[in-house]
Amino acid sequence: QVAKAGEAIERTIGPGVVSRIVGDVYRLCLPDDSGTLADYIPELAAVQPDSFALCLATADGRVYGTGDLDASFTIQSISKPFTYALALADRGTEFVDARIDVEPSGEAFNEISLDPVTERPRNPMINAGAITAASLITGADAAERFERVRRCYSRFAGRELRMNEAVYASEARTGFRNRAIGYMLRSFGIIDSDPDEAVDRYFRQCSLDVTCHDLALMAATLANNGRNPVTGERALSTALTERVLSVMTTCGMYNAAGDWVTSVGLPAKSGVGGGIVAVLPGQIGLAVYSPRLDAHGNSVRGVAACRELSRRLELHFL
Ligand code: DON
């Protein structure tokens, strides 16, 4: 279901005060049509710009949502915490820490940089760290390694996610900056395998299609200590879930991280596809989809909606 320009589909799941607040925040943020679609990957500009969805899932599996809940879009950088999680599970914290720092960078997501002292990517949420995490996924061959990533995200979402071939092809055709980062990582010995394969896996993970409903459940799985609250399946250990949430807190919103923590107060991750996820540990996973972005590459209505929901539901905990 994708709304036509300016005409949102409202579908509220579940009764009560939470639904009312979700609906109110949706109506409040809907008129703002500022911001622009990401177009540095040509295919990203092919979405319906007015789409807007808000979805909240609790750690015990109740879901509240409104708007274009089933519109699909690519996960983009929201993939980063999930691949980082799988890399930690595959290799252990010590091994991963020796290659990816956990310091906020205050840099743009695609900065070609390493920490000058440690010579490591500053964190797993910028591309340098995310491509390193992608290089650490285990499996017999490249196909199996990506399939493990896809299955991992699917456990978080509670349904089988699929790759958007057109977005992947578009990104693979134009992603020279990410290739530059991959080669930099290889030359500094951060990646010791084929950098082209790591970058290709990163392109693929960014191109997985999700809906706002999926993202809310992925966030709720993090809120529920790594266990999907609807399927009951464990996607990540409790200890690793804590670590992923910590890194989302300090690094999830790039150079807007300080403003985000101050005004929303939740660990979060955004993507240039227009999605944002936020997590209240132990309680709530929140997702917003609206593809027009601000100067930081974060969804305009997404940031406004998270801020307003955090205020009205008193979610601010940092
Ligand atoms: O690295 C890239 O260019 C993208 N595929 C992902 C970027 C992204 O979502 C950045 N986040 N806001």
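The model is predicted.

The domain assignment divides the chain into two domains. Domain 1 is built from two stretches, 17-76 and 209-313. Domain 2 covers 77-206. The centres of domain 1 and domain 2, taken over C-alpha atoms, are separated by 21 Å.

At the boundary, 38 residues of domain 1 are in contact with 35 residues of domain 2. Several elements give two or more residues to the side of domain 1 that touches domain 2. The helices are α9 (212-223) and α10 (238-251). The strands are β4 (209-210), β5 (268-270) and β6 (275-280). Helix α10 supplies the largest share of this side, with seven residues. By class, the side of domain 1 that touches domain 2 holds 20 nonpolar, 12 polar and six charged residues.

A helix pair was also examined. Two packed helices are described by the angle between their axes and the distance between the axes. For helix α1 (residues 17-29) and helix α12 (residues 300-313), the axes come within 10 Å. They cross at roughly 145°. The crossing of α1 past α12 is right-handed. On the α1 side, the contact is made by I21, V25, L28 and C29. These meet R301, A304, A305, E308, L309, R312 and L313 of α12. The contact of α1 with α12 comprises eight nonpolar and three charged residues, with no polar residues.

Definitions and conventions
Residues are numbered from 1 along each chain as its sequence is written. This is a predicted model: local features need pLDDT of at least 70, side-chain atom pairs count only at pLDDT 80 or more; totals for chains, interfaces and linings use all residues. Domain bounds come from an automatic or database domain assignment. Two residues are in contact if their C-beta atoms, placed from the backbone, lie within 7 Å. Helices (H or I, at least four residues) and strands (E, at least two) are DSSP runs, numbered from the N terminus. Ala, Val, Leu, Ile, Met, Phe, Trp, Tyr, Cys and Pro count as nonpolar, Asp, Glu, Lys and Arg as charged, and the others, Gly among them, as polar. Axes are lines fitted to C-alpha atoms, for helices over the stretch in contact, and angles run from 0 to 180 degrees between N-to-C directions. A crossing is left-handed if the near helix is turned anticlockwise from the far one by less than a right angle, and right-handed if clockwise.
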